[in-house]
Amino acid sequence: SMKRKPTQAELRRKLTQGMPKCSNDSEASKWLLENKFVSKPTTCEECGGGNIKGPMVADGCWPHWRCDCGQRVPFLGASKFAGLRVRPLKLQELLTQYARQNLSTAPRVGDVVQACSVGRVQAQHFIETLRAVEASAGLRCCSQARLQGNIEVDGTSLGRFWVSKNNPLFKKNIADHAKKVKGIKKEDFLKAK
């Protein structure tokens, strides 16, 4: 028996099985950095310096990067998720939930709100960000794709449809057809079939 090819949704679910279940913000921030969902800022917006340390993850304050000048840079500030007000552990949970979604349907805000216990605005921001990233990846892929070899294009659809002899829309077509068929006997037509 032949083994069937897994669907995209099954492949996506398999990816989430490899995602670790982090227990705190420190583990989650490390995982987000390793998997390039978040990147370390290169320069400080305040002083322009490049000596940024961190991430600083502690209970009671938002995770951030710290510059030598004392300026705090939000943890998600240099990522696609800039402006999203969630902690690293919640972001990892959101990513896991998103990856588990069925590929044949667009993720809905209400589903993310219920599954991850986040606000509607946070869920909307998260989904819009990931969909924009997926769209740009799709555009890059399409711009690099090159067709080669023999390509079959089918832009026609042959079929039969019945038209009344009195139909005003097809009056000219019916008259032209009647002129063509006028010399053919019914018996000859039936024999040809």
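Mentor: Let's start with S79, whose side chain reaches the backbone nitrogen of F81 at 3.1 Å; this is a polar contact (a pair of N or O atoms within 3.5 Å; within protein, one able to donate a hydrogen and the other to accept it, with residues adjacent in sequence counted only if both atoms are side-chain atoms). Please keep in mind that this is a predicted model, in which local features need pLDDT of at least 70 and side-chain atom pairs pLDDT 80 or more, while totals for chains, interfaces and linings use all residues. Residues are numbered from 1 along each chain as its sequence is written, and side-chain values use heavy atoms, leaving out hydrogens and water.

S79 sits in the loop between β3 (72-74) and α3; helices (H or I, at least four residues) and strands (E, at least two) are DSSP runs numbered from the N terminus. Apart from residues up to four places away in sequence, S79 touches F37 and V38, where contact means heavy atoms within 4.5 Å. K40 lies 39 residues from S79 along the chain, yet their C-alpha atoms are separated by 8.3 Å.

Beyond its neighbours within four places in sequence, Q92 is in contact with P20, C22, A28 and W31.

A28 and W31 also belong to the packing of α2 on α3: D25, A28, S29, W31 and L32 of α2 meet P88, L89, L91, Q92 and L95 of α3. Seven of the residues in this contact are nonpolar, two polar and one charged (Ala, Val, Leu, Ile, Met, Phe, Trp, Tyr, Cys and Pro count as nonpolar, Asp, Glu, Lys and Arg as charged, and the others, Gly among them, as polar). The axes of α2 (residues 25-34) and α3 come within 7 Å and cross at roughly 55°; axes are lines fitted to C-alpha atoms, for helices over the stretch in contact, and angles run from 0 to 180 degrees between N-to-C directions. The two helices are therefore oblique (under 35 degrees is roughly parallel, over 145 roughly antiparallel, 65 to 115 roughly perpendicular, the rest oblique). Their crossing is left-handed, with the near helix turned anticlockwise from the far one by less than a right angle; clockwise would be right-handed.

α3 also packs against α4 (residues 109-116), at about 130° with the axes 10 Å apart, so this pair is oblique too. The crossing is right-handed. K90, E93, L94 and Q97 of α3 make the contact with V112, A115 and C116 of α4, giving four nonpolar, one polar and two charged residues.
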